[in-house]
Amino acid sequence: MAASPFASLTGNLRRIIEEDQRVPFRARTSHIHRTWAGTYSSLPELYIQPQSLAEVEKAINLARRCRRRISTVGCGHSPSDITCTSSWLINLDNFNKILAIDTRNCIVVMQAGIRIYQLTKTLDQFGLALPSLGSINEQSIAGAISTGTHGSSLQHGLVSESVVALKITLADGSTRACSPDENPDLFRASLLSLGAIGIITEVTLKVVPAFAMAWEQTIDKDTRIFDQWEKDLWTQSEFVRVWWFPYMRRAVVWKADKVEASALESGEVKLRDPPVRLYDSWLGYVVYHNLLAISRWVPRILPWVEWFVFGMQYGFRNGDRTRVSAVQPSQKAFLLNCLYSQFVNEWAIPLHRGPEALQRLASWLHNLQPGDPGYVPHGIPYSSEGLWVHSPVEVRVSDTTVHTSSEQKNRPFLDPAPKDGPTLYLNALMYRPYHRDPRNKATERYFLGFEHLMRDLGGKPHWAKSFTVSQNEFSEWYGEDFTQWRKLRDSLDPSGMFVGPWHRRYLLGGTDSMTSEKLDLEESGFVSESETKGGGVRVRGHQTPN
């Protein structure tokens, strides 16, 4: 007789799991879960990869009987510990089929585990595309929805604005449909669920006819960007994004517009990729990586690294002489190379406060004093003496108010964007060359000052990134939306099957009207263990034994 794949589990757990095998339970032990950046890792008791809705529902029902928490993960691109667990980890990579495509009405129905790169490839075969994308395509569609993924355009908001309807499997094992017309509160909560409502199993999207994008980019002094900010910087094209370099005080502006299909078909416009630059090549990638590694021990070289690497990548001159252009299919043009392991800390602030934010951040990082060129009062009460940071700061925009609102019942309760106008997203990063953190707490110091500035400018953090915020702050910032999200979450999962240490830390900390007592199935912890061989922190949670 073959050995049970669950032999390492306790007898009671093994008995519950194996007593009914009519629906497969595709699970295994000894799986190591790591975030994409290697920042965190954990050892789930079981790693489960269902292939059908019945298998998802069975996993949840078994978890309830076995008194286990469930965490769901796609590519693990968030650098935080939100997906880490010592309990049961569900991955939907094998639950990734396209269920229906209506090319006339541009409606697509899919299983929620499909990765975005798989989705866009299939859509392209049918002459369709997503209207907007973030910078990567490794995420599952459920993960992109659940964490508030966005692109960079004032004509678009979150990626989830394209969601027409969802199906989500809840802690009681039932699967419910939701949309603006059916269970609208569940729909708004699930559009940015953070994995705490249930498991999204089916997504219906409104897509668009396939399109290419003609894009170009230039690098220039940041003062010229600030001068253009309130004029047409963000409206000159449908898609615009900026990368700001604090030591050079320069910025790259990337802008793109759709190309008519007729122009491609007639040959008037032809697809072409941009020229290969420094870190687009293997050699340049390795050179940059090793410069970052050296900077762990000699951080003072980072301004020179910024000048050299990004001068080679984008040009040492300014303006039109640095212009680079290309015409690419949309699913390719949107993407960026994330390069190396990294911590990222991104906040949403009102768009008009962008120049102030970057000028204050520069003044702090350069330790400028009154009378120095470029000095502005930064108001950050922490010293930047001896602090050297990585580049760039990514600058993107969106406008949630264009296609979504509370009144239309399609705006997520936890959307960090302002409700009354366009949003600016500022993304600070610190690389981890060869999976080793910068020394002397440089990341912590940088993010401490950055977050103070973002709070002062009325910002809220991107849910999928690194941040240090209390539950009380979130409750104050989101107000009634936060209260409604919490009440719905608590009513649908009163035992805490989908609650882990990350959720307790940021969402369930407790207020006068909400209990902060540990829920029955909640996983508590985390205990941080020593760095793993590949870098990062191994975390270990705790649940009440079965």
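These questions and answers cover aromatic pairs, charges over rings, cavities and a pocket in a predicted model.

The model is predicted, with local features needing pLDDT of at least 70 and side-chain atom pairs pLDDT 80 or more, while totals for chains, interfaces and linings use all residues. Residues are numbered from 1 along each chain as its sequence is written, and side-chain values use heavy atoms, leaving out hydrogens and water.

Q: What makes F310 and Y314 a stacked pair?
A: Rings of Phe, Tyr and Trp (its six-membered ring) pair if their centres lie within 6.5 Å; planes under 30 degrees apart count as stacked, over 60 as edge-to-face and the rest as tilted. The centres of F310 and Y314 are 6.3 Å apart and the planes are at 10°, so the pair is stacked. A search of the whole structure finds 31 aromatic pairs.

Q: Where do F310 and Y314 lie?
A: Both are in helix α9 (residues 302–314), 4 residues apart, about one turn of the helix. Helices (H or I, at least four residues) and strands (E, at least two) are DSSP runs, numbered from the N terminus.

Q: How do you know whether F310 is buried or exposed?
A: Buried means under 20% relative accessible area, exposed over 50%, and partly exposed in between (1.4 Å probe, protein chains only). F310 has 3%, so F310 is buried. Y314 has 11%, so Y314 is buried too.

Q: What kind of aromatic pair do F474 and Y478 form?
A: A tilted one, at 6.3 Å centre to centre with 45° between the planes. F474 and Y478 are 4 residues apart in helix α13 (residues 471–478), about one helical turn. Both F474 and Y478 are buried.

Q: Which residues do ring pairs link into a cluster?
A: The cluster holds F245, Y279, Y285, Y288, F310, Y314, Y340 and Y431.

Q: How do you know where the charged end of R241 sits?
A: A charge sits over a ring if NZ of Lys or CZ of Arg is within 6 Å of the ring centre and within 35 degrees of the ring normal. The charged end of R241 sits over the ring of W254, 3.9 Å from its centre. K258 lies over the face of F211, at 4.8 Å from the ring centre.

Q: What makes a space a cavity, and how many of 30 Å³ or more are there?
A: On a 1 Å grid over the protein atoms alone, a cavity is a set of points where a 1.4 Å probe fits but cannot get out; a pocket is an open set with protein on both sides within 12 Å along at least five of seven lines; lining residues have an atom within 4 Å of a point. The count comes to 5 cavities of 30 Å³ or more. The largest cavity holds about 80 Å³.

Q: Which classes make up the lining of the second largest cavity?
A: This lining has 7 nonpolar, 2 polar and 1 charged residues. Ala, Val, Leu, Ile, Met, Phe, Trp, Tyr, Cys and Pro count as nonpolar, Asp, Glu, Lys and Arg as charged, and the others, Gly among them, as polar. Y288 and F310 are among the lining residues. Helix α9 gives the largest share, 4 residues.

Q: What lines the second largest pocket?
A: The lining has 26 residues, with Y40, F343, T443, E444 and S466 nearest the centre of the pocket. α12 (442–456) is one of the elements supplying at least two residues. α12 gives the most, with 5 residues.

Key:
Grid points are joined across faces, edges and corners, and a volume is the space filled by probe spheres set on the points.
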